[in-house]
Amino acid sequence: MTVKLRKVGNSNTLTVPADIRVAGDEYTVKNVGTTIVFTPVEKHENIFASQEWQKYDYQKDIESDPALQSVKPVGREGLD
């Protein structure tokens with residue numbers, strides 16, 4: 001199977017034929033000798049966008065953890 005290189009703006013484009021199964025919509029590209037290697041980018045979940053994180057109460061955690069209670073503020077932290 002062959003594909004043709006096309007010029008799109010300032011970029012070169014290689015089309016992916018419909019019978020090739022793709023694993024995502026974003027890929028990293030690198031040259032290995034004369035070979036072009038496309039690797040799917042793994043999407044990582046943003047842990048700070050979760051409901052659990054948004055409801056996290058840091059102040060309550062400090063009050064309930066004895067190891068953190070002896071830590072003294074170092075600056076302008078408001079621990080009241």
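Trainee: Which strand gives the largest share of the lining of the largest pocket?

Mentor: S2 does, with 3 residues. Strands are DSSP runs of E, at least two residues long, and helices are runs of H or I, at least four, both numbered from the N terminus. This is a predicted model, where local features need pLDDT of at least 70, side-chain atom pairs count only at pLDDT 80 or more, and totals for chains, interfaces and linings use all residues. Residues are numbered from 1 along each chain as its sequence is written, and side-chain values use heavy atoms, without hydrogens and water.

Trainee: How much space lies in the largest pocket, and which residues are closest to its centre?

Mentor: A pocket is an open set of points on a 1 Å grid where a 1.4 Å probe fits, with protein on both sides within 12 Å along at least five of seven lines; lining residues have an atom within 4 Å of a point. Here the space is about 430 Å³. The lining has 17 residues, and Val 3, Leu 14, Thr 15, Val 16 and Phe 38 are the closest to the centre. At least two lining residues come from each of S2 (11-14), S3 and S4 (35-40).

Trainee: How many salt bridges does a search of the whole structure find?

Mentor: A salt bridge puts a side-chain nitrogen of Lys or Arg within 4 Å of a carboxyl oxygen of Asp or Glu. The search finds 1. Glu 26 pairs with Lys 43, their closest N and O atoms lying 2.9 Å apart. The partners are 17 residues apart: Glu 26 is in the loop between S2 and S3, and Lys 43 is in the loop between S4 and helix H1 (51-54).

Trainee: Is Lys 43 buried or exposed?

Mentor: Buried means under 20% relative accessible area, exposed over 50%, and partly exposed in between (1.4 Å probe, protein chains only). Lys 43 is exposed because its relative accessible area is 58%, whereas Glu 26, at 40%, is partly exposed.

Methods. Grid points are joined across faces, edges and corners, and a volume is the space filled by probe spheres set on the points.
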